[in-house]
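Please report on the model shown here.

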Amino acid sequence: MKVKIQDTFWTRYRELVRTEMIPYQWKVLNDEINITIERERNDDSIPNEKSHAIENFRIAAGLKEGNHYGWVFQDSDVYKWLEAVAYSINEHMDEDLKSLADSVVDLIAAAQEEDGYLGTYFTIEEPERKLKRLGESHELYCAGHFLEAAVAYYETTGNDTVLKTACKLADYIVRHFGKEDEKIHGYDGHEEIEIGLAKLYRITGKNEYLSLSKYFLEIRGTNPEFFHIQNAEDGKKPLIVGMDKFPYSYFQNHMPLLEQESAEGHAVRLVYMCTAMADVAAMTKDVNLLNACKKIWRNIVDKRMYITGGIGSTVIGESFTLDYDLPNDTMYCETCASVGLVFLAGRLLENEFVGEYGDIMERALYNTVLAGMALDGRHFFYVNPLEVVPEKGKKDPTKSHVKSVRPEWLGCACCPPNLARLLSSLEKYIYVQKDDSIVANLFVNCESRFSVNKKLVTIKQETEYPWNNRVLFTVSSKEETDFTLGIRIPNWTDKYTIRLNGQDCNIETKQGIAYIRKVFKDDVIEIIFDMKVEIWDAHSSVRNNIDKIAVSRGPIVYCMEGVDNGSNLHLLSIGKNAEFTYQFEKNLLGGVVVIKVNGYEQISNSDRNANLYQKHEKVRGIQEKELTLIPYYAWANRGENEMQVWIRCER
Ligand code: FUB
Ligand code: ZN
């Protein structure tokens, strides 16, 4: 399958990645740019003087002298950058960028030790502690990111060094971990190696990589004490302050994966773990593993996910908390966690054609993932709140992670390059194919080629999604080709029509996907979704959202911002039968559909001398006010101001 995107909405982002993010991030990784690196929350242990990520490699390679700087997982910023470059030059070859990336590959290879070990922190600072403190060390996490980057870079460029370095590293890990007595019967505190090994298996066909990936999943949680035992044997100071005290569930090792039924612990780790479960399940046809993954998915989607596709309800441990606990202004909703949710949905879709996987992917992608970066491609959110009063983030220590302006860079820089690698590889998520069934999962202007029963089929998608409700599929094949084309019917639409070659038709829909089975040659399918403004209630167990509504249109969730509606957004409300209007504004926020509604404003008693508490008035004093809503992903691009997704509803 080869998909080429030519889409107004997405090309803008992908060009931003290519022309802004990748060069900008390169300068940051090299400490060549004068920017403010913000701590993601008030915590003095967060390193924020510089990135030093490339310099760490130079020191580890013996090209420079000095100390390691940054998190123990600082290397992963470079790997994710390399992965994004791989996808970007695959789409748009840039010889200068390729030479730069080749030199980074050489540097990484030079930093690799003779036996295959790769990890600048331990090579430079504490070689004697290698693999001795896996709960915190992130050694296999970084390795997993390198394997992912290496596979992507090898696939694009055929660079031999990158593949050799990756295999040498993977072989090192195979030699050190596994069932055999002499090996470590353990795993990394942060899942990721499982994904990297599975990818490396796909291109090398080496069974030991897939087996080890499966082993890491199988052993996790069977020995919850593993990290504690290692820490005690190590006996030295933790590698990450306080992490040795985190509960087992933070690492998802509180019980074997097959027994886990809810999404627990650190959100990014959880979704990476589930991504690997779905991946390995698909490759090994392991139904139990897939079912276990689906159980956790159900818990996320039904009880622990924000309407924006954000996950992680608390800053403590960047974690899930409990069912229906979805506070809007203290949440975490890390950008990486939603990037991971996209990966997970994609892997589940490869296992089974279920529309819901695409629905959630779309929700995370168009809302939290995109909110993770500013429209200039040079400022990034780590945490994605659904309600912000800027002063609170500054003065309330429990909200120091809730920023109202995207920083230029972050002490922990996991999110920006994660965004870059996802957006530059978006073409991987548009279709899924299994034998002679192709499903259109995302609606993006693109031209795609498929091999179906050894025949070449081209499918062109034309659409103005997410602003417009029409998608046209033009299928062409030199020879008549019998196959099934599925089209996901998004869960936000109540009605849709499909026309095949100009004729209305009734199509069978299964699990959220409409299927057309026929002999295709030159055919046109037009699908029109009913894309009106929708209002949503949260489940009544979500205490923070009682008597509030959220507004969406198509896949886009909306919010109110102070710049359009004034401050004190909490005083605004929308009537039960309010009528919404919408309009595309091409000069606003890069071109967005803006929603307007006649709502209300509670007459405020802003007199500072007024009593804090006053006798209850039966009738609330309200006045009419037109409210303006913009896409959530585009908030905080017009200076610092309040923002709110869930809006009070006058019933
Ligand atoms: O631990 C590595 C990365 O740093 C995680 O994925 C993020 O959540 C951040 O904690
Ligand atoms: Zn992150």
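## A cis proline in a loop

P466 sits in the loop that runs between β8 (455-463) and β9 (470-488). Y465 and P466 are joined by a cis peptide bond, with omega at about 5 degrees.

This is a predicted model, in which local features need pLDDT of at least 70, side-chain atom pairs count only at pLDDT 80 or more, and totals for chains, interfaces and linings use all residues. Residues are numbered from 1 along each chain as its sequence is written, chains are lettered from A and ligands numbered from 1 in the order in which they are written, and side-chain values use heavy atoms, with hydrogens and water left out.

H52 is not a glycine, yet its phi is positive, near 70 degrees. The residue belongs to the loop between β2 (37-38) and α2 (53-60). Is H52 buried or exposed? H52 counts as buried, at 8% relative accessibility. Buried means under 20% relative accessible area, exposed means over 50%, and partly exposed lies in between (1.4 Å probe, protein chains only).

N568 also is not a glycine and has a positive phi, about 65 degrees. Its loop connects α18 (562-565) and β17 (572-575). N568 is partly exposed, with a relative accessible area of 33%.

## The zinc site

Which residues donate to the zinc ion (ligand 2)? The protein donors are E334 (OE), C336 (SG), C414 (SG) and C415 (SG), lying 2.1 to 2.3 Å from the ion. A donor is an N, O or S atom within 2.8 Å of the metal (3.2 Å for Na, K and Ca); water is not among the atoms, so sites may look incomplete. The arrangement is tetrahedral because the four donor atoms subtend angles of 94 to 119 degrees.

Along the chain, the donors follow the spacing E-x1-C-x77-C-C. C336 lies in helix α14 (residues 335-351), while C414 lies in the loop between β4 (409-410) and α17 (415-423), so the pair ties together parts that are 78 residues apart in sequence. C336 is buried at 2% relative accessibility. C414 is buried too, with a relative accessible area of 7%.

## Around ligand 1

For E334, an N or O atom lies 2.7 Å from an oxygen of ligand 1. For H266, a polar side-chain atom lies 2.9 Å from a ligand oxygen. For Y382, the distance is 3.5 Å. The protein covers 95% of the 270 Å² of accessible area that ligand 1 has on its own. Accessible areas come from the Shrake-Rupley method with a 1.4 Å probe; for residues, only the protein chains shown count as cover.

C167 counts as buried, at 11% relative accessibility.

## Other positions

S425 lies in the loop between α17 and β5 (431-434). S425 is buried, with a relative accessible area of 3%. Its side chain reaches the backbone oxygen of R421 at 2.7 Å. Such a polar contact is a pair of N or O atoms within 3.5 Å; within protein, one must be able to donate a hydrogen and the other to accept it, and residues adjacent in sequence count only if both atoms are side-chain atoms.

V389 is in the loop between β3 (387-388) and α16 (390-395). V389 is partly exposed, at 31% relative accessibility. V389 and Q644 are 255 residues apart in sequence, and their C-alpha atoms are 8.8 Å apart.

D160 belongs to helix α8 (residues 160-176). D160 is partly exposed, at 45% relative accessibility. D160 and E32 are 128 residues apart in sequence and 29 Å apart in space, C-alpha to C-alpha.

Note on methods:
Four donors count as tetrahedral if all angles lie between 85 and 135 degrees; four count as square planar and six as octahedral if opposite donors are over 155 degrees apart and all others between 65 and 115; anything else is irregular. Helices (H or I, at least four residues) and strands (E, at least two) are DSSP runs, numbered from the N terminus.
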